[in-house]
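Please examine the model shown below. The report that follows describes its fold, its packing and one selected position.

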Amino acid sequence: MALVLNEEQLMLKDSARSFLDSRAPVSHLRELRDSENTDGFSRELWAEMADMGWPAILVPEQYGGLGYGYTGIGIVLEETGRNLTPSPLLCTAMVGAAAIVKAGSDEQRESLLPAIAGGQHLLALACDESPRHAPHEIATTAVKDGESYRISGRKINVADGHIAETFIVSTQTANGVSLFLVPKDSGGVSVEPFRQLDTHHAANVAFEQVVVNKSNLLGCLDHGLGLLDYLLDVGRTGASAELLGLAQEVSARTLDYLKERKQFGVPIGSFQALQHRAAQLFGELEMCKSLVLKALQTLDEQAVGDPELASLAKSKLGETAHLAATEAIQMHGGIGMTDDFDIGFFLKRCKILDNLYGDSLYHLDRFARLRGY
Amino acid sequence: MADNGTFRRETRDWLEANCPESMRQPYNYEADACWGGRNCEFQSEDQKAWLQRTASRGWTVPSWPKEYGGGGLDLAQAKILKQELARINARPPLESFGISMLGPPLLKFGSEELKLQHLPPIARGEIRWAQGYSEPNAGSDLASLQMRADDMGDHFIVNGSKIWTSYGDKGDWMFCLVRTDFEAKKHAGITFVMFDMTTEGVSTRPIKLISGKSPFTETFLDNVRVEKNQVIGEINDGWTIAKYLLSHEREMIAGAGILASGSLPVSEVAVRALGRQNGILSEPMLRADIARFEIDERCLALTIERARDEVKAGVSLGAVASMFKYYGTELNKRRYELLMSVSGQDALQWEGGEDGLGELPKKWLRTKGNSIEGGTSEIQLNIVAKRILGLPG
């Protein structure tokens, strides 16, 4: 497949950009923060996104979806990344939808996919138990009890954990790892929400002897590790797309500033010391664009995904977006370090996305391991 | 496209039948590359056959029009051919500045007569070209070049010297920038000319590099007669041609940053040399550097692929080529720093190493020129800053 967007995808990109520019620019995030919104996102805006069909992008047409695939949802995430727009898109419309499409039973698909497509049902992948991402180290257990399982354990930093109706929980079962769909109102589930440094919210979620029916098992019993890795790779690719939008926008703002801001009687962008850094960053962003598109197309083309490419993208994007955001603050000088100015929001969001599903160092290591060294 | 499947099958079958076994492995030594030319000494019958067979199909220049010796392939077919060549690790049948540098501007700006005169011999590997751009006092500031061409009616008489002529002593013809207007502003008085290097008054002298080798020469022109019908574009408008050619040269150099098909990845070389401990490369710091390098290497390959998918075949990437040139050459320097680290003290012998030729340290030293030749990294960053990012000054 050619590494370019097709007509349909270009239209999706244009409509996403114009919608977000008018309805959810960066000032929208500031308003959420200043009004101390405890959801960390606007449910009204989410309803509009659902009207645009975004949560339906990954859902097959037979369940009321659009079937635009991973490249489609990635394009929209790149645009929300550009505007730092908080929404359940990544966790529900990408990772959540992928989980049910990929591994859901007929019953699970029928009950969840139409609701996901309509934006009425939110999901969260609960997989981390330690401050640094280590998804294969799972202490949470699911013990068989007749026709049910009892789940006990604690998941931390669950993205969208504060709003999810259903958790996808990684557990140890008798002979391996299994994933379960756990409704938030099940007895024994307690959600401790908190605000993150970027104004988005998340939660720590404790499971105390939570009883779920065996029909809540997602995928195969004891063989859930492959599914978990696949879903994480989907999330990593989505986070990379969001980081790509973020990095491009923060660089564009910085370039504008370099052309406007005058010192010593000339625009500071005429200084070679800054020009060369801006040019180097341009090169890195071009690399990131190719990488994200390739990673998204690969998810659409290969049923099992490409773990090496997902780690490559997450590592490179985490690093490059961080470079773009820190260069932005430095090149904006004094105003760049003020709260009144928006540029700092980009660094904050970048830090969250970098940590989500493993930071750039985690993925540098994973990339090398997957390549056998 | 419906018939691209057929094209792929036919291409695969043809390659299977016509690409000699010995041409299906990466270059080991410089002499493994075939540069053609009047004085070409083929290393083997296979090398000769591989060039002749591909040239007969126009596949030394797959996307050039057939009437100029090309294969007449469209973008999709050219990509398929490239993939199929890579699939069997086929060596390029011909390395050529005629193809990578002169061809594109000649196709775009040259008269029909000049195209028919020069392009087919380039495609067949019969004429080897040299580049006359830099001068002792015109390096990064190329447009300040002083080689003097005096107008004698139907021809010029040219005097002066060029420097950093790649394989100048092996070139049959030279394309060359000369000054034809001495009053005009520096970019305005330049003309793009071509001449046979056996013309009286042309001489070369090799320049020995830190690698111990001499891939470049100085080239001296002493009252050399150059015909006016060997000008590409208009007299005094040579800078337009010069810049267009440079963007193609830079794309070519950028490709050096990508692993040649069939060569071992740096990580593989490292694992073979150093081994694993607990399943990972036994040198953790080196491992992290190698991983970062291999990530960027893949990024560059994907980005070159994307750029080619975005533009029509044969269209120059323009200023973006500067970004590729910068990225590719810096990457190639990193590759050889890492390979030197992997080999450690084994890489320190000038005549040593596995092959007894000290190839690795010589290649490492040669890469230091990558970010200088074809325009320094700093010049490329200037071009990106001004022409792509629109920064002032």
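Two residues are taken to be in contact if their C-beta atoms, placed from the backbone, lie within 7 Å. By this criterion, and not counting residues up to four places away in sequence, A:L231 touches A:V95, A:A98, A:A99 and A:L125.

This is a predicted model, in which local features need pLDDT of at least 70 and side-chain atom pairs count only at pLDDT 80 or more, while totals for chains, interfaces and linings use all residues. Residues are numbered from 1 along each chain as its sequence is written, and chains are lettered from A and ligands numbered from 1 in the order in which they are written.

**Chain A overall.** Chain A has 11 helices and 10 strands; these are DSSP runs, numbered from the N terminus, with helices (H or I) of at least four residues and strands (E) of at least two. Its C-alpha atoms fill a box of roughly 80 × 45 × 40 Å along the principal axes. Of the 373 residues, 53% count as buried. A residue is buried if 20 or more other C-beta atoms lie within 10 Å of its own, exposed if 12 or fewer, and partly exposed in between, with C-beta atoms placed from the backbone. Among contacts in chain A with a separation of 6 or more, 74% join residues 24 or more positions apart.

**Strand pairing.** Seven of the eight residues of strand 4 (residues 166–173) of chain A are buried. Two strands pair if DSSP finds at least two bridges between them. A hairpin joins strand 4 of chain A to strand 5 of chain A through two residues.

**Nonpolar cores.** A nonpolar core is a set of buried Ala, Val, Leu, Ile, Met, Phe, Trp, Tyr and Cys residues joined through C-beta atoms within 7 Å. The largest comprises 150 residues, of which A:M94, A:I168, A:F180, A:L231, A:V292 and A:F346 touch the most other members. Helix 7 (residues 225–260) of chain A supplies the largest share of this core, 15 residues. Another core, of 55 residues, lies apart from it and includes B:M23 and B:L102.

**B:F109.** This residue belongs to helix 4 (residues 97–109) of chain B. B:F109 is partly exposed because 18 other C-beta atoms lie within 10 Å. Leaving aside neighbours within four places in sequence, B:F109 is in contact with B:I232, B:G233 and B:I241. B:F109 and B:I241 are 132 residues apart in sequence, yet 7.5 Å apart in space, C-alpha to C-alpha.
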